[in-house]
Amino acid sequence: MGEVVQIVVFVMAFISCNALLDLSGVHQVKGTWMGCTTLPCTYMPSEGFTQQTLIWSMERDYSTSTIFRRDDSGDHVLLSRFRDRVSVPKHSPGNASLLIENLEIPDSGHYTCQVIWRSKNNSLITKEVTTMVKVVKVAVTKPVIRAGELGLTVPAGARTSLTCVASGSPPISYRWFRSGPGGKALLLSSQAELAWDSLRPSDTGKYYCEAENNVRARAVQQSDTVELTVRESPVTQQPSPETDRHSRPPLTPRGDAPQRVPTEPLYEVVFHSTADVTRLETDVEVPVKCLHKETNSKTETSNDTFAMKDNGHDSICIRKNPEYENLVNAMESEYEIEKI
């Protein structure tokens, strides 16, 4: 009974390991002539099992050839026409996918990925997956023009470029043209990128590109036309040699400084009395009565009279001085006594 249990446990463990070490791939891959493609071959690494050998082989015209082999001695490309064109990722456990570059038409066929694992008890487990590869030629598509970072409106003196982008089987050749008057086109370049180191206003114009490959009798595809506009840079005035940009404007002497024009009305005061007049303090407010008529000689002798010029009008104002008025009254009284 104990032996039966051990056998069941071993079978279950074997089945579980086989499930974990199962290879994953695809049935068919279509590759572009002169392009590259990847044939998937992956598995889930399992503890206790180490990848011992990896083999990629190709079957074509009922003949099978080994392309790639990885073992303890390293990686080996065994088919000369695949040399420098195939590779498998390193230091990526569980990834045994095959990368094929520069695909050729004879690369079409059935590819088999075979992986052999060794367990701790030195038993070997082998799994494989097959993928059919079909290499086709793809005609070039209509190219698209991509402008530089500055766009299609660029200031003069700037650096920019236009890039022609198309897809299809390489190699793809490009040509750049500038539209001219009468529908004529000027050939500018045979590269995918048309670049300017320093734009000029004369570079303003309409541009287009063409793309071509060796598929379908060398069919040529033409892009849409784009218009490049070069703005003229604004003219900046250069400082004269005599002027230092850090210097300050010359100072004006005080004697030549412009006089400040008063904004308040101008008043002119004229005293006509010969008597002694006591000076009033400037901070004492004295009521002023303005008379818009001429005064007689008596009024002029008995009052302080001054002219006010305000807004172009002349006014005669009379200011009553109490001390002066008392003096005048006293003189008049004395005059009347003598007269009597």
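**Close-up 1. Lys-134 in strand S9.** Lys-134 sits in strand S9, which spans residues 124–136; strands here are DSSP runs of E with at least two residues, numbered from the N terminus. Before going further, please note that this is a predicted model, in which local features need pLDDT of at least 70 and side-chain atom pairs count only at pLDDT 80 or more, while totals for chains, interfaces and linings use all residues. Residues are numbered from 1 along each chain as its sequence is written, and side-chain values use heavy atoms, with hydrogens and water left out. With a relative accessible area of 44%, Lys-134 is partly exposed; buried means under 20% relative accessible area, exposed means over 50%, and partly exposed lies in between (1.4 Å probe, protein chains only). Leaving aside residues up to four places away in sequence, Lys-134 touches Val-29, Lys-30, Gly-31 and Ser-108, where contact means heavy atoms within 4.5 Å. Gly-109 is 25 residues away from Lys-134 along the chain, and their C-alpha atoms are separated by 6.7 Å.

Close-up 2. Strand S3 (residues 49–60) and strand S4 (residues 63–71) run antiparallel and are joined by seven bridges; two strands count as paired if DSSP finds at least two bridges between them. S3 and S4 make a hairpin with two residues between them, and Asp-61 in that turn has a positive phi of about 55°. On its other pairing, S4 meets strand S5 (residues 74–77) in the antiparallel sense over four bridges. S4 and S5 also form a hairpin, again with two residues between them.

Close-up 3. The structure holds ten salt bridges, each defined as a side-chain nitrogen of Lys or Arg within 4 Å of a carboxyl oxygen of Asp or Glu. In one of them, the side chains of Asp-75 and Arg-70 meet at 2.7 Å, N to O. Asp-75 is partly exposed, with a relative accessible area of 33%, whereas Arg-70 is buried at 16%. In another, Asp-71 pairs with Arg-69, and their closest N and O atoms are 3.0 Å apart. Asp-71 counts as partly exposed at 22% relative accessibility, and Arg-69 is partly exposed with a relative accessible area of 30%.

**Close-up 4. The open sheet of S2, S7 and S6.** Three strands make up an open sheet in the order S2-S7-S6, with antiparallel pairing. Strand S2 (37–39) and strand S6 (86–87) stand at the edges with a single partner strand each, so one side of each is left without a neighbour in the sheet. S6 and strand S7 (residues 98–100) run antiparallel and are joined by two bridges. To find your way in this view, look for Ser-87, whose bridge partner in S7 is Leu-99.

**Close-up 5. The two disulfides.** How many disulfides does a search of the whole structure find? There are two, a disulfide being a pair of cysteine sulfur atoms within 2.5 Å. One joins Cys-41 to Cys-113, with an S to S distance of 2.1 Å. This pair links distant parts of the chain, 72 residues apart: Cys-41 is in the loop between S2 and S3, and Cys-113 is in strand S8 (residues 109–119). The link of Cys-41 and Cys-113 is left-handed, with -70° about the S-S bond, and both cysteines are buried. The other disulfide joins Cys-164 to Cys-209, with S to S at 2.1 Å. Here too the pair links distant parts of the chain, with Cys-164 in strand S12 (residues 160–165) and Cys-209 in strand S16 (residues 205–212), 45 residues apart. The torsion about the S-S bond of Cys-164 and Cys-209 is about 70°, so this disulfide is right-handed. Cys-164 and Cys-209 are both buried. Cys-36, by contrast, is exposed, with a relative accessible area of 54%.

Close-up 6. Asp-224 forms a salt bridge with Lys-142, and the closest N and O atoms are 2.9 Å apart. The partners come from distant parts of the chain, 82 residues apart: Asp-224 is in the loop between strand S17 (220–222) and strand S18 (226–231), and Lys-142 is in the loop between S9 and strand S10 (144–147). Asp-224 is exposed, with a relative accessible area of 52%, while Lys-142 counts as partly exposed at 45% relative accessibility.
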